[in-house]
Amino acid sequence: MSVQYKFPTGFWWGSATSATQIEGAANEGGKGLNIWDHWYKTEPNRFFDNVGPESTSNFYHLYKEDIRLMKEIGHNTFRMSISWSRLIPTGRGKVNAEAVQFYNNVIDELIANDIEPFVTLYHFDMPLELQEEGGWENREVVEAYTDYAKECFRLFGDRVQKWFTFNEPIVPVEGGYLYDFHYPNVVDARRAVQVAYHTMIAHAQAVRAYRTFSFEEGQIGIVLNLTPSYPRSENPADLQASNRADLFFNRSFLDPSVLGEYPAELIDILREHDQLPVTEQGDSKLLKEGIVDLLGVNYYQPRRVKAKEHLPNTDGPFMPDWFFDNYEMPGRKMNKYRGWEIYEKGIYDIMMNLKENYGNVESFIAENGMGVEDESRFIVDGEVQDDYRIEFIGGHLKWLHKAIEEQCNVRGFHMWSFMDNWSWMNAYKNRYGFISVDIETQKRTPKKSAHWIKTVSENNGF
Ligand code: BG6
């Protein structure tokens, strides 16, 4: 079949998900508690329809069927995460044999189906005991994470060749320490900065540890949510606002991950406002050692900004928002269910930025997706007719294709997500999957987009 947008041979077609969002079985198989189990227990009202993480999409029991469906819709790769509190229930010490068995089964089943497993070590799910020691604020937790990472490499590194230390490490910083949408619901920028810094140190230690193993073809990286900043206008004040937003929300993790150091401008701002983290001797060298082999890019939405309309209240808590206002561009296209702007060209802009300013680091789209509420409205003959999702993916793929034509070093495209899953505080409000999941019966049913992506993968284009 002739296709208009052909992708390079060997392109990765797949999807991503995370342990807490699909496994379920939160109180089975010897799993310890993590912050989500704990937060739900204490404040179930914070979760949409009071649905918590205990059973989610039941991948723990249905993984074989799910992997069969992945195969059926043309996946050649799939990113999952390991639940730290399942593997090591209290965060450090004894490894849970049932968890080892489960992850071995999943990895082996994927490989048997010619689907390469990509594995994330940390996707928002701190073991509760370690959070009680201060979580990422405590440098000892960095050591516990490094031991956990080594254990994963030792147990699964013979078969897993793509590792990711963190998924969207800025999200727990924003959610847990600035904007109150993750546990522990703190609002304190200095603590946020410390958490962010220790996360990068943990990343670099895990990368260093991985490289002491001699796996022949393995690569290690990180997955970052990059939200390109677009200024309202070319006015210098708007440009400065956009530059600042970019420093806080993109370059804070992108620069250390790919260049091995923090942007000087960001350090200056933090110093000026007395928000610098505590560091240790040797950290700069360590960060250099943490430069990634492979960068996963999650792209959902752009960030539009303008110069501040009013001076910030400097008696209030220090916030990145002291330096810019969000800008609602007239006529912007919205996914109103999630409240996120849809801007397909953003994916191209990110890739060009990586090419021009980040050494054209090897990368792939690790997440892109569209969460829609009440998809049962769109069911015809038992199948969700999610034409909006097909249009969303196609629109992004066209721009990704253009980036590839312009020599961007991008190796694949993973959607969020394979099947409907539990979206943190939004629980099952917005559905993201190619496969719909009935949360009462756990029945899986492919949507129209599942058939579409199968042909895209088979034709390596569309
Ligand atoms: C990314 C995360 O932020 O976006 C996922 O890696 C998340 O964990 C996804 O589920 C979609 O966002 P949300 O908040 O709608 O689930």
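What you see is a predicted model, where local features need pLDDT of at least 70, side-chain atom pairs count only at pLDDT 80 or more, and totals for chains, interfaces and linings use all residues. Residues are numbered from 1 along each chain as its sequence is written, and side-chain values use heavy atoms, with hydrogens and water left out.

Let's start with the whole chain. With 462 residues, a compact globule would have a radius of gyration near 23 Å, and this chain's 21 Å agrees with that. (The radius is taken over C-alpha atoms, and the rule is 2.2 Å times the number of residues to the power 0.38.) Of the 462 residues, 61% are buried, meaning under 20% relative accessible area with a 1.4 Å probe, protein chains only. Take contacts (heavy atoms within 4.5 Å) between residues at least 6 apart in sequence: 77% of them join residues at least 24 apart.

Now for the rings. A search of the whole structure turns up 50 aromatic pairs. Rings of Phe, Tyr and Trp (its six-membered ring) pair if their centres lie within 6.5 Å; planes under 30 degrees apart are stacked, over 60 edge-to-face, and the rest tilted. Here are two of the pairs:

| Pair | Centre distance | Plane angle | Type |
|---|---|---|---|
| Trp39 and Phe47 | 5.1 Å | 70 degrees | edge-to-face |
| Trp422 and Trp424 | 5.7 Å | 65 degrees | edge-to-face |

Trp39 and Phe47 are both buried, and so are Trp422 and Trp424.

How values were computed: Buried < 20%, exposed > 50% of the residue type's maximum accessible area, 1.4 Å probe, protein only.
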